[in-house]
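Please look over the model below before reading on.

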Amino acid sequence: MLIVAFLVASNAQSQDVGRQPWTLELEYQRFRLDRNTVQKPNTYEGTRFESTDFTGDMGNSVRLTGFAPLGWWKTGDALRVVVAPLNISGTGISSTAINYYGRTFQAGIPITVNYRFNTYRFSYVVPIFTASREAGWDFRLGGTLGIRDAQIKLSQGGLSRDFSNVGPIPLLYASATKTLGRDWSLQGEFDGFPAPGGGGLFDGSLKIGYKVTPNLELTAGIRYQAGAAIDTEIYNSLQQTAVVIGMRGILW
């Protein structure tokens with residue numbers, strides 16, 4: 001269905017001048033986990049370990065982003081919706097016992113680790129410095145309500161411990177786009193906000209865009225994501241880099 005939508009958009013007429021379009025972007029990401037450290041509980045009772053020793057550090061994901069015009073407060077304001085999944089799993093052998101969530105996973109016996117950190121984000125975005133568009137710049141700011149859907153599960157034989165957490169994440173949003181000639185552009189954006197105790201989330205990208213048609217654009221670039229949850233209940237610190245390619249279409 002998404003492919004059909006993009007093909008239809010690419011053949012549609014260009015949007016009217018001044019009209020804010022509905023857009024949809026689909027991205028493929030090849031990511032590397034530079035770090036994914038886990039400990040539960042974050043006390044002497046828990047063992048701190050690197051989950052990538054079990055899951056590996058490379059993976060693939062798909063991200064979906066949509067913009068819908070609103071017109072609530074300022075011309076050009078929009079609702080941004082992002083579905084950003086991160087799922088990786090694997091099996092490995094630890095040289096030492098791991099105490100996790102009240103259970104001990106023995107050394108020398110395969111342990112399976114499932115790690116999930118999916119976020120669903122809803123942003124209210126407004127354009128700023130509109131006069132700068134004459135120089136080819138477009139700046140936008142906003143606020144994001146993220147919903148995290150996280151899981152860290154360890155399994156060994158008949159023993160399994162599963163910690164799941166679902167909850168809100170307040171974030172700030174910013175983006176900047178610089179037009180580079182007729183069809184090319186440089187695009188940067190991020191969601192991010194620090195949390196008490198050294199936690200929080202930062203998710204930023206830098207991409208080059210090329211307009212194949214007035215309504216269909218191809219993008220490629222890099223993304224960096226760092227996040228942490230640090231309290232007595234759990235310690236989880238993650239750093240991820242990714243190569244991304246995508247396509248963005250104007251729906252109507």
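The model is predicted: local features need pLDDT of at least 70, side-chain atom pairs count only at pLDDT 80 or more, and totals for chains, interfaces and linings use all residues. Residues are numbered from 1 along each chain as its sequence is written, and side-chain values use heavy atoms, with hydrogens and water left out.

The protein chain contains two helices and 14 strands; helices (H or I, at least four residues) and strands (E, at least two) are DSSP runs numbered from the N terminus. Its C-alpha trace spans about 65 × 35 × 25 Å along the principal axes. Of the 252 residues, 44% are buried, where buried means under 20% relative accessible area, exposed over 50% and partly exposed in between (1.4 Å probe, protein chains only). Among contacts with a separation of 6 or more, 62% join residues 24 or more positions apart; a contact means heavy atoms within 4.5 Å. The accessible surface is about 12800 Å², and carbon and sulfur atoms hold 62% of this area, computed by the Shrake-Rupley method with a 1.4 Å probe, where for residues only the protein chains shown count as cover.

Strand 10 (residues 159-180) runs antiparallel to strand 11 (residues 184-194), with nine bridges between them; two strands pair if DSSP finds at least two bridges between them. Three residues separate these strands in their hairpin, where G181 takes a positive phi near 80°. Strand 11 is in turn joined by eleven bridges to strand 12 (residues 200-213), again antiparallel. This second hairpin has five residues between its strands, and G197 has a positive phi near 80°. D191 of strand 11 stands opposite Y173 and also opposite D203 in strand 12. In a regular strand the side chains alternate between the two faces of the sheet.

The last stop is K40, in the loop between strand 1 (23-39) and strand 2 (49-50). Is K40 buried or exposed? K40 counts as buried because its relative accessibility is 5%. Leaving aside neighbours within four places in sequence, K40 is in contact with G46, N99, Y100, Y101, F163, E233 and I234. For E233, the backbone oxygen lies 3.3 Å from a polar atom of the K40 side chain.

Terms used: A polar contact is a pair of N or O atoms within 3.5 Å; within protein, one must be able to donate a hydrogen and the other to accept it, and residues adjacent in sequence count only if both atoms are side-chain atoms.
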